[in-house]
Amino acid sequence: MKTKKRALIIGITGQDGSYLAELLLEKGYEVHGMIRRSSSFNTERLEKIYQDPHTDNKNLILHYGDLSDSNSILRVIKLSNPEEVYNLGAQSHVRVSFDIPEYTANVDALGTLRMLDVIKEANPKIKFYQAGSSEMFGKVSEVPQSEKTPFNPQSPYGCAKVFSHMICNNYRDSYGMFICNGILFNHESPRRGRTFVTKKIVEGLADIKLGKKEKIFLGNLEAKRDWGYAKDYVEAMWLMLQQDTPDDYVISTGETHTVREFVEEAASLVGYKIVWRGEGLNEEGIDEKSGKVLVSIDPTYYRPSEVDILLGDSTKAKEKLNWDTNIKFKDLVVLMMKEEFEDRGISSKDYLV
């Protein structure tokens, strides 16, 4: 009988981790996940695939551990004995990284180093995926950004991710380890955390439509991002570790849109046509039909150092991994808006135009 491949996902309870766990289970893996201890349940994204630990033949197994604790990492590696490790664990909110820079660096940068060093000593044959970010490009020197574009991060989060990227390359070159960096541009889904701008927009507009909220507050409306679908992007992670040789890949849609466009597109789906009034911090988004203010600006959501435009060139991934995204901007907004209602037990057909 053929034994199942084993994978360990760090950050399995997050958006990407949950989609990746589902993908690997579909491919017949035994999936292990490292989760942080919490006094509240934080596994809601895994509810569809989680199995009672008392049942037999379970394929999803969770372990407590923390990227700030080398001993717990070693323990989880020994317990799971994986052939593949996907490091998706991070303090992943860019704006928040300015408020807690030391913690962000400890988890996002040194956490990766701890993982690599444990794997090097425990089993250097383990294949390792590191979740990079388009935020590493920061104030970009060229548009679009590819694997050859210089990094110029503009946040503690971006800086920490650059460290992780470089230390992965160092361990790959120094010790011959199979390590891949995925430089993923913004990727969203109905499972996105509530503090991220796309989810905040979708959730806020649904609340307004249902009469639960008057308006939403946002930051920089002019920020341009390359938004894709998280479920598409986790397939790219898996494909990287199935190659004969390790490498680094940009994963993106090749389209860029502003936060303003995201608001307008999402609002149109629930019957609002947004018109804009005022400038800067005084700008407001108004429903043309009713005259109600639906969007206001809150300066606390601005970053101390802004990243103006991110646009990825994923030609290498398309050619070498045979990967491409299935869902782009407009379809992504529709998907998120639809699921926002369905997740509340409300038929989206009753509210979407």
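## Strands first

Select strand 6 (residues 179-184) and strand 11 together: the two pair in the parallel sense over 4 bridges. Pairing here takes at least two DSSP bridges between the strands, and helices (H or I, at least four residues) and strands (E, at least two) are DSSP runs numbered from the N terminus. Before going further, note that this is a predicted model, where local features need pLDDT of at least 70, side-chain atom pairs count only at pLDDT 80 or more, and totals for chains, interfaces and linings use all residues. Residues are numbered from 1 along each chain as its sequence is written, and side-chain values use heavy atoms, with hydrogens and water left out.

Now put G182 on screen and look across to strand 11, where Y249 stands opposite. Show the side chains of strand 11 (residues 248-251): D248 and V250 point one way, Y249 and I251 the other way, and all are buried. Buried means under 20% relative accessible area, exposed over 50%, and partly exposed in between, using a 1.4 Å probe and protein chains only.

## Helix 6 and its surroundings

Next, select residues 197-209. This is helix 6, with 13 residues and 18 Å from its first C-alpha to its last, close to the 18 Å expected at 1.5 Å a residue. The expected span is 1.5 Å times one less than the number of residues.

How many of the 13 residues of helix 6 are buried? The count is 11, and the helix is mostly covered. Among the buried ones are K199, K200, E203 and D207, along with I201, V202 and L205. Contact means heavy atoms within 4.5 Å.

E264 counts as partly exposed, at 31% relative accessibility, and touches I274 and W276, leaving aside residues up to four places away in sequence. Draw a C-alpha line from E264 to I201: the two are 63 residues apart along the chain and separated by 9.9 Å.

## Rings and charges

Stay with W276. The charged end of R260 sits over its ring, 4.7 Å from the centre. Then jump to W238, where the charged end of K27 sits over the ring, 4.0 Å from its centre. To qualify, NZ of Lys or CZ of Arg must be within 6 Å of the ring centre and within 35 degrees of the ring normal.

Aromatic pairs number 10 in this structure. The rings of Y86 and Y129 are 6.1 Å apart at their centres with planes at 45°, so this pair is tilted. It links distant parts of the chain, with Y86 in strand 4 (residues 84-87) and Y129 in strand 5, 43 residues apart. Rings of Phe, Tyr and Trp (its six-membered ring) pair if their centres lie within 6.5 Å, with planes under 30 degrees apart counted as stacked, over 60 as edge-to-face and the rest as tilted. Y86 is buried at 0% relative accessibility, and Y129 is buried at 0% too.

Now select F137, F151 and F185, which form one aromatic cluster. F185 is also among the residues touched by S134, as are I183, L184, N186 and L310, not counting residues up to four places away in sequence. S134 itself lies in the loop between strand 5 (127-133) and helix 5 (156-175) and is buried, at 2% relative accessible area.

## Last stops

Stay in that loop between strand 5 and helix 5 and find P144. The peptide bond from V143 to P144 is cis, with omega near 0°.

Color the cysteines next. C168 is buried at 0% relative accessibility, and C180 is buried at 0% relative accessible area.

Finish on two asparagines. N81, in the loop between helix 2 (70-80) and strand 4, has a positive phi of about 45° although it is not a glycine. N81 is partly exposed at 42%. N322, in the loop between helix 9 (315-320) and helix 10, has a positive phi of about 55° and is exposed at 70%.
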